[in-house]
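Dear colleague,

I am handing over the structure below, and after it you will find what came out of going through it. Please read the notes with the coordinates open beside you.

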Amino acid sequence: MIPDRTLAIQKAWREAGESDWIFITGKGPEAYQKPFALPAESDLETLKLLLESGRKQAVL
C-alpha cells in the first residue's frame, strides 16, 4: 500500500505496459484535500504531470 495518492498513481503509471489499463477510483474530479508528494491538486492533474514528464524524458 502506498499512502501518498500521487505516488501510488505514479507507480502504477510507470509499471503499466503499453496495452495495460490503469483504473484510478475514489476521488473523481474533486480536488485533493491535503498536499501530496507530486505538485498536483487532483488525480487528473497528477496524470497530466506524468504525461508531461514522460514527454520531456522522451526528448532528452
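A residue is called buried here when its relative accessible area is under 20%, exposed when over 50%, and partly exposed in between. Please bear in mind throughout that this is a predicted model.

By that cut-off Asp43, at 6% relative accessibility, counts as buried, and its side chain meets that of Arg5 in a salt bridge, with 2.8 Å from N to O. This pair links distant parts of the chain, since Arg5 belongs to helix H1 and Asp43 to helix H2, 38 residues apart.

Two salt bridges are counted in total, and the other one joins the side chains of Lys11 and Glu15 at 2.5 Å, again N to O. Both of these residues lie in helix H1, four residues apart, which is about one turn of the helix; Lys11 is partly exposed at 41%, while Glu15, at 56%, is exposed.

Helix H1 also holds Thr6, which is buried, with a relative accessibility of 0%.

On the surface, finally, Trp13, Ile22, Ile24 and Leu51 form a nonpolar patch with about 300 Å² of accessible area together. Of these, Ile22 sits in the loop between helix H1 (5-15) and helix H2 (43-59), and is partly exposed at 32%.

Methods: Residues numbered from 1 in each chain as written. Predicted model: local features only at pLDDT ≥ 70, side-chain atom pairs only at ≥ 80, totals over all residues. Heavy atoms only, no water. Patch = residues over 30% accessible without salt bridge, like charges linked within 9 Å, V, L, I, M, F, W, Y side chains within 5 Å. Areas by Shrake-Rupley, 256 points an atom, 1.4 Å probe, with all protein chains shown as cover. Salt bridge = Lys/Arg side-chain N within 4 Å of Asp/Glu carboxyl O. Helix = DSSP H or I, 4+ residues; strand = E, 2+ residues; numbered from the N terminus. Buried < 20%, exposed > 50% of the residue type's maximum accessible area, 1.4 Å probe, protein only.
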